[in-house]
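Subject: Structure handover

Hello,

Here is the structure I promised to pass on. Please open it and keep it beside you while you read my notes.

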Amino acid sequence: FFSTTMTSTNNKRTAADAGLPEGDNAPCCWVCLEEGPDKTGAPLVRDCSCRGSSGFAHLSCIIKHAESEGRRVAMENAETGAALFAKAFEYCPNCKQQYQNEVIYKLTKAAVDFTDREYKDVTCGYLLCHTLSNRLTVIDPKNNADDKAEGEESCTKILSIIEDMKCNELLGLFWKETYVYFEATAYGAIGGFYMRLDTEESLTKAKQYVEKARDIFRETENEMPMLMAEKKIASIESKISGEENLCVDTLQKIYAYLQRTIGETDPQTIGAGADVAEALCLSFHAIEGERLLSKLVELSRRVHGMEHESTKRSTSYLQRMKERIVITQDGQPFIALRYENDGDKCIVKDPTIEDEKETKISASDIIPYLGTPVVCKGLQQLTHLNGKIGDVRKVDLEEGKCQVHFQEAGLEHAEIKFNYLRVVFDLPPLDA
């Protein structure tokens with residue numbers, strides 16, 4: 001339900017792809033301690049946060065290790081047992097981070113196959129329900145027909161398991177105390193699947209299932225899953241209506257909760273922080289959003305490395321966020337690149353034309369667009385605002401002014417004429 005895993009095939013997942021040495025210094029499988037491919041010819045893989053030569057393993061060995069761990073924890077209580085059971089298949093035991101991309105795709109399938117094979121009894125239904133729900137978060141039903149068919153079958157199976165467990169005399173007796181959380185999580189996963197399918201019919205289904213999940217979380221006073229469900233409902237409603245619903249407050253609460261509970265360096269926390277930053281930018285709080293995202297990119301690079309999906313995703317967000325959009329007096333949009341001639345000329349390019357050549361226009365002819373970071377320059381009356389940085393929240397073309405909200409505490413927002421504003425391309429440190 002809450003997974004931020006992305007599926008991709010462009011990451012360095014094998015030892016050969018990573019350019020690691022061969023011979024005495026070659027990496028080996030942390031499970032079987034053998035170098036090179038396994039008996040079937042499958043290479044060593046790694047798609048977590050391990051660095052250097054650590055963390056590589058044969059996928060077949062990871063699966064065997066996970067199955068062994070799964071058996072060990074399967075008899076524990078429902079809540080802890082299911083969580084640890086799934087974690088054995090989804091998290092690297094060395095760096096403690098979730099696998100990504102093709103590795104997590106294959107491991108979640110292995111988890112479902114293993115659970116379906118060894119835990120068929122209705123009393124273990126929560127284990128299969130959990131692994132099926134996790135599987136739904138990594139498949140791509142919109143772009144892969146096999147994934148779509150698998151997901152639809154999994155949704156039907158999950159609902160059947162829930163019904164069978166509720167009808168069981170013993171399990172039904174303790175449903176609310178023990179198993180209702182899994183029911184809500186399963187509804188959320190089903191809703192997420194239909195949301196990614198992204199058709200008019202599927203979005204309607206998605207909203208219905210996520211609302212079921214939210215209502216259960218609310219009734220059982222699980223605040224954070226309830227907020228996550230509300231965030232997903234808002235996203236679904238935005239897709240249906242075509243109108244953006246940013247939910248900045250909800251996103252900030254989720255990010256703060258994850259910082260407290262799983263730590264600021266966890267990829268899920270970084271992903272939640274990136275969601276906050278993007279929402280801030282879309283609501284024209286660009287400076288706050290860009291500073292947060294810059295921090296997250298640096299954090300992800302340092303902890304997880306350049307090739308980790310959380311680093312790639314947050315870096316991509318930051319690159320888009322740093323694009324400075326301006327318009328000319330006749331309404332033509334451009335991406336501003338830099339100033340020349342002591343700020344008299346602005347170098348721009350047309351964002352609608354790929355490989356467009358740079359163009360030089362007068363700085364007085366450009367208007368900073370909504371959300372663009374700007375600095376005041378040359379003010380004759382509000383001289384205390386000269387050199388102060390803020391972001392544009394409103395643009396009044398008739399009056400020739402922008403409403404600027406300043407980052408410095410104690411400064412009220414002000415209406416500033418276009419010709420007294422310059423685009424800020426690189427935000428200075430907060431203490432500068």
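Asp391 is buried, because its relative accessible area is 3% and buried means under 20%. Its side chain meets that of Arg393 in a salt bridge, at 3.1 Å from N to O. Bear in mind that this is a predicted model.

How many salt bridges does the structure hold? The count is 27. Here are two more of them.

Take Lys322 and Glu290. Their side chains meet in a salt bridge, with 3.2 Å from N to O. The pair links distant parts of the chain, 32 residues apart. Lys322 sits in the loop between α13 (309–321) and β3 (324–328). Glu290 belongs to helix α12 (residues 286–304). Lys322 counts as partly exposed, at 32% relative accessibility.

Next, look at Lys360 and Glu340. They form a salt bridge, and the closest N and O atoms are 3.4 Å apart. Lys360 is partly exposed, with a relative accessible area of 45%. Glu340 is partly exposed as well, at 26%.

Now turn to the surface. Which residues gather in a patch of negative charge there? They are Asp396, Glu398, Glu399 and Glu415. Glu399 lies in the loop between β9 (389–396) and β10 (401–406). Its relative accessible area is 52%. Exposed means over 50%, so Glu399 counts as exposed.

There is a nonpolar patch on the surface too. Leu170, Leu173 and Phe174 form this patch. Together they have about 320 Å² of accessible area. Where is Leu170 placed? You will find Leu170 in helix α6 (residues 169–173). Leu170 is exposed, because its relative accessible area of 52% is over the 50% limit.

That is what I have for now. Write back with any questions.

Best wishes

Note on methods: Residues numbered from 1 in each chain as written. Predicted model: local features only at pLDDT ≥ 70, side-chain atom pairs only at ≥ 80, totals over all residues. Heavy atoms only, no water. Patch = residues over 30% accessible without salt bridge, like charges linked within 9 Å, V, L, I, M, F, W, Y side chains within 5 Å. Areas by Shrake-Rupley, 256 points an atom, 1.4 Å probe, with all protein chains shown as cover. Salt bridge = Lys/Arg side-chain N within 4 Å of Asp/Glu carboxyl O. Lys, Arg positive; Asp, Glu negative; His and termini not counted. Charge placed at Lys NZ, Arg CZ, Asp CG, Glu CD. Helix = DSSP H or I, 4+ residues; strand = E, 2+ residues; numbered from the N terminus. Buried < 20%, exposed > 50% of the residue type's maximum accessible area, 1.4 Å probe, protein only.
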